[in-house]
Amino acid sequence: MPKKRILSGMRPTGKLHIGHYVGALENWVKLQDEYESFHLIADYHVLTTSLDTNDVYQNSIDMLIDWLACGLDPVKSPMFRQSKIKQHAELNLIFSMLITVNRLERNPTLKDQIRDLNIEHVIYGHLGYPVLQTADILLYKGDAVPVGDDQVPHIEISREIARRFNNQYGNVFPEPEALLTKFSRLSGLDGNAKMSKSLNNTILLSDEVEIVKSKLKKAVTDPNKVRKGDPGNPDICLVFSYHKKFNPDEIDEIEKGCRSGELGCFDCKMNCASKISKFLAPIIDKRKYYESRIDEVKDILHDGELRGRKVAEQTMNEVHEKMKLG
Ligand code: TRP
């Protein structure tokens, strides 16, 4: 049995944070042995919410370095940019005929973005976001897509498009499945449910020890625990949620100390910072390796783009054949 295929992707927004690791990368790294993996840098998708492309290239390189630093293996799995494999645009065009405007308007992820970003007039490409995403996945015949729950509606659209194509022209595409990332997302340092660059509440994978410490100092905790001695409630404490992920061995002790009041927030935060830094240390080392060898990083990208393009060309040949385009 050949391995099943995964297509995983992210929009390049720059250096990644620990929320990306917990919500996606950790899972991608685990899955790369079990599946044949393809990793996409969705640089065209950036345009759906920002037309400023000045930082897109640098952000793509920064993101790629973080991927490598976290243990994605470029020998096993090609990594490539959407904009450098033209077939993404071509398949997007064909797929855009296989779904209605009405269906796309019902996409809850789009509705959330319109609300969160205060978008007054939706551009055509933004409405078509999941169509391009479908082309990303199906160009490589992805059987599975590791995603967070916000992306599930997109994968549902991908399944519908795959079905529609197969019924109309003959079987070419798998109906991709969403592989949900188990660990729920990490909250931001300000207590916001989402850690996000635009909210400025992140710990970057590239943050050095001192930075992690100073960021944690400002992290919100149980507001009723003002000073050491006050009993706290770890269930509503952000720092406790980080301990759960990065310091599982001490979790019982910390919970007890917090509830009794014996453990003060400052000590608890510094302990947490040191555990996070311990986790980040090998990532930062590997990051430095690649940062000082940018040519190697570019070679990895070019090699990934060659390998990705080969598969994309094959798929498009099949598509043209089935569509009898000659
Ligand atoms: N929409 C994804 C996100 O915002 C990024 C993405 C683009 C993607 N194309 C993809 C994810 C293909 C998985 C597969 O996170």
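Helix H10 (residues 238-246) packs against helix H12 (residues 265-291) at an angle of about 35 degrees, and their axes lie 10 Å apart. Helices here are DSSP runs of H or I with at least four residues, numbered from the N terminus. Axes are lines fitted to C-alpha atoms, for helices over the stretch in contact, and angles run from 0 to 180 degrees between N-to-C directions. The crossing of H10 and H12 is left-handed, that is, the near helix is turned anticlockwise from the far one by less than a right angle. The model is predicted: local features need pLDDT of at least 70 and side-chain atom pairs count only at pLDDT 80 or more, while totals for chains, interfaces and linings use all residues. Residues are numbered from 1 along each chain as its sequence is written, and side-chain values use heavy atoms, with hydrogens and water left out.

From H10, the residues Val239, Tyr242, His243 and Phe246 meet Cys268, Lys269, Asn271, Cys272, Lys275, Ile276 and Phe279 of H12, contact being heavy atoms within 4.5 Å. This contact of H10 with H12 has seven nonpolar, two polar and two charged residues. In this scheme Ala, Val, Leu, Ile, Met, Phe, Trp, Tyr, Cys and Pro are nonpolar, Asp, Glu, Lys and Arg are charged, and the others, Gly among them, are polar.

Ser277 also belongs to H12. Ser277 is buried, at a relative accessible area of 10%, where buried means under 20% (1.4 Å probe, protein chains only). Leaving aside residues up to four places away in sequence, Ser277 touches Val209 and Val212.

The whole structure has one cavity of 30 Å³ or more. A cavity is a set of points on a 1 Å grid over the protein atoms alone where a 1.4 Å probe fits but cannot get out; a pocket is an open set with protein on both sides within 12 Å along at least five of seven lines, and lining residues have an atom within 4 Å of a point. The largest cavity holds about 80 Å³, a volume being the space filled by probe spheres set on the points. Of its 13 lining residues, Lys225, Cys237, Cys258, Cys265 and Cys268 lie nearest the centre. H10, helix H11 (251-260) and H12 each give two or more residues to this lining.

The second largest pocket contains about 450 Å³. Among its 23 lining residues, Asn92, Ser96, Tyr124, Gly125 and Gly128 are nearest the centre. H3 supplies the largest share of this lining, four residues. The lining comprises 15 nonpolar, eight polar and no charged residues.

Key: Buried < 20%, exposed > 50% of the residue type's maximum accessible area, 1.4 Å probe, protein only.
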